[in-house]
Amino acid sequence: MNFDDTPEEAAFRAKAREWVQANAPKEYEAELSQASLGRITLKKGDMVEVGKAWQKKKSDAGWACLSWPKEYGGRGATPIEKVIWQQEEGVYGKLTQPFQIGEGMCGPTVMAFGSEDDKRRRLPKLASGEEIWCQLFSEPAGGSDVAGLRTRAERDGDDWIINGQKIWTSGAHYADWGLLITRTDPNVPKHKGLTMFFLDMKSKGVEVKPIKQANGMQEFNEVYFTDVRIPDSQRLGNVGDGWNVSLTTLMNERMSIGSRLATGFPEIFAFCSDLMTDDGLAIDDAAVRAKLADWAVKSSGLKYTAYRSLSALSRGERPGPENSIGKLVAGTMVQDIAAFAMDLQGAAGVITDPATAEAAGRFQAMWLGSPGMRIAGGTDEILRNIIAERVLGLPGDIRVDKDVPFNKIPTKGR
Amino acid sequence: MNFEFSDDQKQLRDQARRFLAEKCPPKAVRAVLEGSAGYDKALWSGLAEMGFLGVAIPEEFGGTGAGHLELCVIAEEMGRALAPVPFSSTVYLAAEALMLAGSDAQKQKWLPKIASGEAIGTLALFEGPGNPSPQAIKVAAANGVLNGVKKPVADGAIADFAIIAARVGAGGRETDIALYLVDLKAGGIEAKTLTNLDPSRNQAELTFKDCKAELLGAANEGWSILSRVLDRAGVLMAFEQVGGADRALEMGRDYALDRIAFGRQIGSFQAIKHILADMYVAATLARSNCYYGAWALSTNAGELPEAAATARISATQAFQHCSKQNIQVHGGMGFTWEFDCHLYYRRSNALALSLGSLSYWEDQLIERMRKKNAA
């Protein structure tokens, strides 16, 4: 048992480290280090533009989309090499935010179901950051129940006509391409009538509107489709097989979102170490210590759980199911930690202005944003179902809508 | 990165699991729980024959000399099977203390007997309510004799020898504490079994009256030795707890698959699934933290104090959570004497309270992290 690289891994790490040292945009290092949660904005420079420049530089040197095949803009690297790269890329990895959905979800789906021509035309540009992709799955009527989606695609000669609405689309406002799942047949049960496409986000009839979130920020969009035309050549997989296609995408989503998880623990530990209360330093209080210890072991547990998965990758094996706990643990932790930090601030905990708030208002911001962490990319409840069903082997829920034609499923609770 | 047990260590785990499945079914645990023997003598001999008692004891002292990673995998299996034997007292505490601080003669005398199953050892630290602290130790040592009362002492009424934390100075400082080795069969000691939460394990009160004792380690280093012993035992106990947590999770899962209510497997209800998913989360976090502890223990890493506290807290939480929720998944049947759920529930708390309770280790962890950050 050890934490050491194999000789091959060490050599790869050295190469990656050297390249990052020589090429990273160091002027953003401090700012990126401090950003721990949510979408990042840079003081000097537009996040997307800076990200694109970094991605292009990486791509030119063969450090983009590492696990993809070389002919599509990747490096053909092993999973453990990809992880080593992420460790060495460090804080600059945060610059790749606009490309993560493309790399982790859309790209692999196009790779699995697209024509050779599409793969060669689209994927290298995704890898080099020239084109950004978004994923158009969630709908107002289909969140956790993705297969309940209602956006229609109707055949018209060699084209399909799209009408409907998507929601919670990250990056739709700057994306060039979108991966879109639609309903092509409402007369069959819900999982059977779906079809996947990709489309040019500049197509006529596509309208993107930002969503103002509960925390006041705007990180996601609604996307409306009004008579949007997509050529049949941009269909991914067979008509009616969209659900199976989407499983490829979603499987990658949970993996990629879980890879860089913030828990808030380093922040709360530092805060309690310095906070002077009437009874002395907060960290000397037994009740504070008990809470810190609880979060410390969760945070450490997540770290070493990831190490166990990495060890499996290092041996060339698939990581075990232990991976699936990350977001479930981290989401609640962030929320609890933020609430506790504000409690320690007493009445002043209500202040959010970074200029006057304790700890520059970071816990208030964390708290306001944390409900989203417990929902995005699979709610806590969906994640528990996944653990229960796929890891522990418990039976699936009894589904009342499974064999019912989609257009016969009730749409209102009362 | 190779943060995993080796194939040989996994084989040893399988071997221990098979052995315990055969020799230590729940029936054997119940026999001790409901009887008066204090431990399962046949199982204890069997463990010695398998070489499991001396797995971390060097060959020159009668062990197999395999190492602490090997001991970790065996500890996990002992916890999973709820083995009703003085394994933790003898192997994690007494043997570790001897190996850390014993003279050659002391090691020669006791370690081979531990490995062969001839001697049961324990550590007598606590004196009533409270957690490990030099101030709490009142048993006094003077002129090579001990006087005072220790309770509870795990496996105290069945042990052949004990290591006793005693006060040699008056100030209650760490340097006022020394460790003593006492042959419990030699006289001057009264051992009384205490009724306790988990009667599948013995708990006792030991009264020392002018009891002859020999120093273990230097007289002013007792507390520092003890701290190191507790850290090492903390990791090993954490493995035992993770084994118990995993088994409680399996029991709950199996019952949720077998039991039908409202015309369906109860495991198809999200209310039950989510309980079991949370048990899995707790057990997984604890296992990963235990691996960290195992690494630190086996390499004598500087991180051991922090890693031990981390593993111990996480595993205590996991075993308590899983054993408690296992009863909940079982519903009414889980609260019967007949079902095995309460055996795990009892053991989870008995282990949680040994070696210092959860709040003690939480305090220790934060203190240790703070020192590290300050350094």
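In which helix of chain B is the place of B:L365? B:L365 belongs to helix α11 of chain B, residues 358-374; helices (H or I, at least four residues) and strands (E, at least two) are DSSP runs, numbered from the N terminus.

This is a predicted model, in which local features need pLDDT of at least 70 and side-chain atom pairs count only at pLDDT 80 or more, while totals for chains, interfaces and linings use all residues. Residues are numbered from 1 along each chain as its sequence is written, and chains are lettered from A and ligands numbered from 1 in the order in which they are written.

B:L365 is buried, with 26 other C-beta atoms within 10 Å; buried requires 20 or more such atoms, exposed 12 or fewer, and partly exposed lies in between, with C-beta atoms placed from the backbone. Leaving out residues up to four places away in sequence, B:L365 touches residues including A:A293, A:A296 and B:I313 (contact: C-beta atoms, placed from the backbone, within 7 Å).

In helix α2 of chain B, residues 26-34, the buried residues are B:A28, B:V29 and B:V32. They lie on the same side of α2(B), because their arc around the axis is only 100°, taken from the directions from the helix axis to the C-beta atoms. These buried residues pack against α3 (41-49) and α10 (341-353) of chain B. Exposed B:K27 and B:E34 sit on the face turned away from the buried side.

Chain B as a whole has these values:

| Property of chain B | Value |
|---|---|
| Buried residues | 57% of 375 residues |
| Contacts joining residues at least 24 apart, among those at least 6 apart in sequence | 74% |
| Span of C-alpha trace along principal axes | about 75 × 50 × 40 Å |

Definitions and conventions:
Two residues are in contact if their C-beta atoms, placed from the backbone, lie within 7 Å.
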